[in-house]
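This briefing is for a reader who is new to the structure shown below. Its points are grouped by topic.

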Amino acid sequence: QVQLVESGGGLVQAGDSLRLSCAASGRTLSGYDMMWFSQVAGKERAYVARIDLTDLSTYYADSVKGRFTISRDNAKNMVYLQMNGLKPEDTAIYYCAARSRTRYTIDYWGQGTQVTVSS
């Protein structure tokens with residue numbers, strides 16, 4: 001079992017930056033690619049970014065490409081999302097997720113952290 005806990009959300013102004021963190025406990029993150037999703041009230045959870053376990057390849061939704069950076073520290077069981085140039089439309093709850101590298105299923109979710117960007 002893996003527990004994921006996000007932190008770092010908050011209220012910022014357009015153009016500001018935030019760094020979200022996701023701390024994993026219970027088991028190591030070996031065997032999992034890590035992802036960030038966002039969710040706005042009344043809408044489905046949307047993919048934001050992914051970082052692979054082995055070669056640390058990164059992938060981004062078009063809406064955040066060039067502004068957000070995902071990273072991970074496997075030794076510390078941590079995943080990060082550096083968010084620069086925030087826009088009001090980035091306002092959402094951000095969730096960390098662990099996707100199995102063998103089943104390609106998201107096995108674990110964090111509880112989410114709120115990011116609010118004012119114009």
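Predicted model: local features only at pLDDT ≥ 70, side-chain atom pairs only at ≥ 80, totals over all residues.

Asparagine 77 is located in the loop between strand 7 and strand 8.

**Backbone angles**

- Most residues other than glycine have a negative phi.
- Asparagine 77 is not a glycine, yet its phi is positive, at about 55°.
- With a relative accessible area of 14%, asparagine 77 is buried, because buried means under 20%.
- Tyrosine 104 is also not a glycine and has a positive phi, near 55°.
- The loop between strand 9 and strand 10 holds tyrosine 104.
- Tyrosine 104 has a relative accessibility of 56% and therefore counts as exposed, the cut-off being over 50%.

**Aromatic pairs**

- A pair of aromatic rings is described by the distance of the centres and the angle of the planes.
- The structure has four aromatic pairs.
- One of these joins tyrosine 32 and tyrosine 108 edge-to-face, with 5.7 Å from centre to centre and 70° between the planes.
- This pair links distant parts of the chain, since tyrosine 32 belongs to strand 4 (residues 32-39) and tyrosine 108 to strand 10 (residues 106-109), 76 residues apart.
- Tyrosine 32 is buried, at a relative accessible area of 5%, and tyrosine 108 is buried at 13%.
- Tyrosine 95 and tryptophan 109 have ring centres 6.4 Å apart and planes at 90°, so their pair is edge-to-face.
- Because tyrosine 95 is in strand 9 (residues 92-100) and tryptophan 109 is in strand 10, this pair ties together parts 14 residues apart in sequence.
- Tyrosine 95 is buried, with a relative accessible area of 10%, whereas tryptophan 109 is partly exposed, with 36%.
- Phe37, Tyr47, Tyr95 and Trp109 are linked into a cluster by ring pairs.

**Charges over rings**

- Arginine 45 lies over the face of tryptophan 109, and the distance to the ring centre is 4.5 Å.
- The charged end of arginine 19 sits over the ring of tyrosine 80, at 3.9 Å from the ring centre.

**Nonpolar core**

- In soluble globular proteins, nonpolar side chains tend to be buried together.
- The largest nonpolar core has 30 residues, and those touching the most other members are Leu4, Met34, Trp36, Leu81, Met83 and Tyr94.
- Elements that give two or more residues to this core are strand 3 (18-25), strand 4, strand 5, strand 7 (68-73), strand 8 (78-83), strand 9 and strand 11 (113-118).
- Beyond residues up to four places away in sequence, methionine 83 touches Asp16, Ser17, Leu18, Leu20, Arg67, Phe68, Tyr94 and Val115.

**Largest pocket**

- The volume of the largest pocket is about 230 Å³.
- Its lining consists of 19 residues, of which Ser38, Ser63, Glu89, Asp90 and Tyr94 are the closest to the pocket centre.
- At least two residues of the lining come from each of strand 4, strand 5 and strand 9.
- Strand 5 gives the most to this lining, namely three residues.

**Valine 40**

- Valine 40 is in the loop between strand 4 and strand 5 (46-51).
- Its relative accessible area is 37%, which means that valine 40 is partly exposed.
- Apart from neighbours within four places in sequence, valine 40 contacts Thr91 and Ala92.
- Valine 40 and threonine 58 are 18 residues apart along the chain, and their C-alpha atoms are separated by 23 Å.

Note on methods. Residues numbered from 1 in each chain as written. Heavy atoms only, no water. Phe/Tyr/Trp six-rings, centres within 6.5 Å; stacked < 30°, edge-to-face > 60°. Helix = DSSP H or I, 4+ residues; strand = E, 2+ residues; numbered from the N terminus. Buried < 20%, exposed > 50% of the residue type's maximum accessible area, 1.4 Å probe, protein only. Lys NZ or Arg CZ within 6 Å of the ring centre and 35° of its normal. Contact = heavy atoms within 4.5 Å. Core = buried A, V, L, I, M, F, W, Y, C linked by side-chain atoms within 4.5 Å. 1 Å grid on protein atoms, 1.4 Å probe; cavity = no way out; pocket = protein on both sides within 12 Å on 5 of 7 lines; lining within 4 Å. Points joined across faces, edges and corners; volume = space filled by probe spheres on them.
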